[in-house]
Amino acid sequence: MTPRSYVGAEYPSDPTLWSYYGDVTNGRMEMTLPSTVPGGAQVWTCAAWYDRKGQTGPISLPISTNVQGGGSQQEAELRIAA
């Protein structure tokens with residue numbers, strides 16, 4: 001899958017404003033936000049699956065969460081159904 005994220009109150013429709021996290025092959029990924037992202041900030045994420053030829057499917061609907069704390073590295077898990 002090809003995960004992306006955006007920090008802001010509303011997610012943008014312009015795909016160039018999203019941060020790209022590289023291709024993920026095992027369905028799990030770790031997203032590290034910069035320490036400049038304040039606690040309470042809204043973070044949006046979405047992803048698209050791709051096949052062996054590298055062709056991507058449609059991008060999922062964005063989902064959001066809020067950063068707990070801020071200015072530190074935190075571990076979280078996000079599961080997106082296939």
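The legends below describe close-up views of a predicted model.

**View 1. Overall make-up of the protein.** The predicted protein has four strands and zero helices. Read from the N terminus, its elements follow the order β-β-β-β. Of the 82 residues in the protein, 23% are buried. The exposed surface comes to about 6100 Å², and 51% of this area is supplied by carbon and sulfur atoms. When contacts between residues at least 6 apart in sequence are considered, 54% of them join residues at least 24 apart.

**View 2. The four-stranded sheet.** The strands form an open sheet in the order E2-E1-E3-E4, with antiparallel pairing. At the edges stand E2 and E4 (63-66); each has a single partner strand, so one side of each is left without a neighbour in the sheet. Strand E1 (residues 4-7) is joined to strand E2 (residues 19-20) by two bridges. Towards strand E3 (residues 42-46), E1 makes four bridges, and these two strands run antiparallel. E3 in turn pairs with E4 over four bridges, again in the antiparallel sense. Four of the five residues of E3 are buried, so this strand is largely enclosed by the rest of the structure. In a regular strand, side chains alternate between the two faces of the sheet.

**View 3. Bridge partners across the sheet.** Ser5 has Ser19 as its bridge partner in E2, and Thr45 stands opposite Ser5 in E3. Thr45 also stands opposite Ile63 in E4. Elsewhere along E3, Cys46 stands opposite Arg4.

**View 4. Surroundings of Ser5.** Ser5 is found in strand E1. With a relative accessibility of 2%, Ser5 falls below the 20% limit and therefore counts as buried. The side chain of Ser5 makes a polar contact of 3.1 Å with the side chain of Tyr21. Leaving aside residues up to four places away in sequence, Ser5 touches Trp18, Ser19, Tyr21, Met31, Trp44 and Thr45. Two other neighbours, Trp18 and Trp44, belong to the aromatic cluster of the next view.

View 5. The structure holds three aromatic pairs. A pair of aromatic rings is described by the distance of the centres and the angle of the planes. Tyr11 and Trp18 form one aromatic cluster together with Tyr6 and Trp44. Tyr11 counts as partly exposed, at 39% relative accessibility, whereas Trp18 counts as buried, at 11%.

View 6. Thr2 lies in the segment before E1. Its relative accessible area is 5%, and Thr2 is therefore buried. Not counting residues up to four places away in sequence, the residues touched by Thr2 are Tyr20, Gly22, Asp23, Cys46, Ala47, Ala48, Tyr50 and Thr56. One of them, Cys46, is the residue in E3 that stands opposite Arg4.

**View 7. Asp51 in the loop between E3 and E4.** Asp51 has its place in the loop between E3 and E4. At 32% relative accessibility, Asp51 counts as partly exposed. A polar atom of the Asp51 side chain lies 2.9 Å from the backbone nitrogen of Gln55. Asp51 and Met1 are 50 residues apart along the chain, and their C-alpha atoms are separated by 8.8 Å.

Conventions: Residues are numbered from 1 along each chain as its sequence is written. This is a predicted model: local features need pLDDT of at least 70, side-chain atom pairs count only at pLDDT 80 or more; totals for chains, interfaces and linings use all residues. Side-chain values use heavy atoms; hydrogens and water are left out. Rings of Phe, Tyr and Trp (its six-membered ring) pair if their centres lie within 6.5 Å; planes under 30 degrees apart count as stacked, over 60 as edge-to-face and the rest as tilted. Buried means under 20% relative accessible area, exposed over 50%, partly exposed in between (1.4 Å probe, protein chains only). Two strands pair if DSSP finds at least two bridges between them. Contact means heavy atoms within 4.5 Å. Accessible areas come from the Shrake-Rupley method with a 1.4 Å probe; for residues, only the protein chains shown count as cover. A polar contact is a pair of N or O atoms within 3.5 Å; within protein, one must be able to donate a hydrogen and the other to accept it, and residues adjacent in sequence count only if both atoms are side-chain atoms.
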